[in-house]
There are 2 protein chains.
Amino acid sequence: MLHAIIMAGGSGTRFWPASRRRRPKQLLALVTDTPLLRMTFDRLNGLVPPERVWVVTTAATADATRELLPELPAQNVLAEPEGRNTAACTGLAAHACIAQDPEAVCVVLPADHIIEDHEGFRSALTAGAQHVRANGGLLTFGISPTRPETGYGYLELGEECTHDGEWAIHGLKKFIEKPDLDRAETYLDSGRYLWNAGIFAWQASDLLTEIEKQLPELANGLETIAAACGGADEDSVLHDVYPTLPATSVDFGVMENAAQCWVVPVDFPWSDIGSWPALSETLPGDENNNVTRGRTTTIDSSSNVVISTGPTVAVVGVDDLVVVATPDAVLVVPKDQAQRVKEVVENLRDNEWDDVL
Amino acid sequence: MLHAIIMAGGSGTRFWPASRRRRPKQLLALVTDTPLLRMTFDRLNGLVPPERVWVVTTAATADATRELLPELPAQNVLAEPEGRNTAACTGLAAHACIAQDPEAVCVVLPADHIIEDHEGFRSALTAGAQHVRANGGLLTFGISPTRPETGYGYLELGEECTHDGEWAIHGLKKFIEKPDLDRAETYLDSGRYLWNAGIFAWQASDLLTEIEKQLPELANGLETIAAACGGADEDSVLHDVYPTLPATSVDFGVMENAAQCWVVPVDFPWSDIGSWPALSETLPGDENNNVTRGRTTTIDSSSNVVISTGPTVAVVGVDDLVVVATPDAVLVVPKDQAQRVKEVVENLRDNEWDDVL
């Protein structure tokens, strides 16, 4: 049967001060009044019932996750003692699915992306899942690029193998790390490259077989954890073993060298809203291209992102800034340096200002 | 006897969001942990006892003023129903002093300036007060300029008339409105011009005589108010009459054409901290010339003024900005546009966001 694995292990630095250790990005209502994780869960409506939705998250956010998704059986929230990247995360979830359903087919989704075409999304996932159920292999969905973005990884398309309705299924030639602008422009022009959105489909058993072949240490650790599952020492084994697992991504660590990989090109509007300025991809701007949320006022200012979850925010005579205010913290940074919010979080840590972390 | 009149009628727009209608600048602890009005009051220690200190303030801040200055007899806080500029304000206070002490000599001080040399300040005030007690006339203290400031009015020095200890007493040639930069530079070079700091001394009766000569309408109104003082209709007369008084300044409206005016040049460090960026005149900057107060962090940022009375504020990669955060409001504006905070306050008023006004 079809299961959905939602990867919700974000650490909550890129959206500081809105995001915190206990309130990472996926728990934030960044673009509507609904938290991103809840939007991701709701997007599965009609495709996968709640009892077959699994959320892999951190210990710090497990309770908040269960509260946000009350339809979910409590044991379907898998709490990683610490983040060990997506190979461990998807492997852990594959074991959980298989324990319930040895023939489980999984679609794997980041918790914090924006996809507005729900029908197209569900249709593509269905086609991908059918393909891996029938053919095996590890499959990824690639987004047709709309700009020469240097902030994403890319997928190089192989030959088209088959069609499922409107969806073409290709071989996957290569995963590509974030390119420079020149290469990103070449990729865009060629039509043979897609954005790697981190959305996957596979039979749970196929993923575990590949992990066993390529990452035996990870496979052993995951088996130890799975063997303890349901026993008295379930929690202590998880806490002892999981942090020792090799931390590598499922795409470069497993799929890159897998026996068979597929890619389904999709063209629904998608955003990973990876930073504050990316909100302007999703939220409409005012006549001066300011994107605002909350009680804000902008005077003689343009192209700013001004967000408040509490205080009234006034900006005057400034351009291209990110200004974010919460009741207990404020950030001001130029849009083109927004990724430096990580330095802020490090700085707060150094200062031991734990109340705003 | 010597009385001190503290003019504390600020409306609290230039220091928004820290300042509000009910918490104007003089009630803020802008440069130390002590509110400016309290610093002004404490500066009089040893010169004028509390029972002869008068504070003219607005109805909205009268209670907060009494709370801040518990030594002050409650009736020494004079609450203007609305601000009518300094001629009305000093005239009201002169009547209050005379009712208690017909021979009152008054020193008049803005509530919200910074003067760090308390000894020099008290010594100059004493010399000025002695001079007007002996000679009559209206006297102002002028600050030796240290830069070609275009934000202040100037005083043109007349001939030196006499000395009192270290203090020279000059005739006053002219009050001059804020000059342009060329003229300000000429003033600075000539050595014959001083900054008009709005600090005065006179016999209360001499001020009222001049008001009677030059502003008979104001004199009549003030007499009506004074006549009702202590009676059952004291409050209602004040509220009916005061708002109708001509609103003019004591320097241009009264002193400019007065029979005899004096000026005492003083050279103690002085700042009227007229705007957020002016805090850098008084507060030390860090190695990148950032002036900060409260829990703030600045990363790769220079020459900013970053102030918080609550939230943790982080700025990254910005220069020459004012960032001010309070628990319920945040301002971001370039330093050289800081005076535009008035537009913000108008905007908030238009939006009827009264809770942050």
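**Close-up views of a two-chain predicted model**

View 1. Residues are numbered from 1 along each chain as its sequence is written, and chains are lettered from A and ligands numbered from 1 in the order in which they are written. Neighbours within four places in sequence set aside, B:Ile6 is in contact (C-beta atoms, placed from the backbone, within 7 Å) with residues including B:Leu37, B:Phe41, B:Trp54 and B:Leu109.

**View 2. The interface of chains A and B.** Contacts link 29 residues of chain A with 29 residues of chain B. On the side of chain A that touches chain B, β13, β15, β16, β17 and α11 of chain A each supply at least two residues, and β17(A) gives the most, with 6 residues; helices (H or I, at least four residues) and strands (E, at least two) are DSSP runs, numbered from the N terminus.

**View 3. The open sheet with strands of both chains.** Six strands, in the order β12(A)-β14(A)-β16(A)-β17(A)-β15(B)-β13(B), form an open sheet with mixed pairing, where two strands pair if DSSP finds at least two bridges between them. The edge strands, each pairing on one side only, are β12 (291–293) of chain A and β13 (296–299) of chain B. β17(A) and β15(B) pair in the parallel sense over 4 bridges, and A:Leu331 has B:Ala314 as its bridge partner in β15(B). Within chain A, β12(A) and β14(A) run parallel and are joined by 3 bridges, with A:Ile307 in β14(A) as the bridge partner of A:Arg293.

**View 4. The two domains of chain A.** Chain A is divided into domain 1 (2–271) and domain 2 (276–356), with bounds that come from an automatic or database domain assignment. The C-alpha centres of these domains of chain A lie 29 Å apart, and 10 residues of domain 1 are in contact with 17 residues of domain 2.

Definitions and conventions. Predicted model: local features only at pLDDT ≥ 70, side-chain atom pairs only at ≥ 80, totals over all residues. Contact = placed C-beta atoms within 7 Å.
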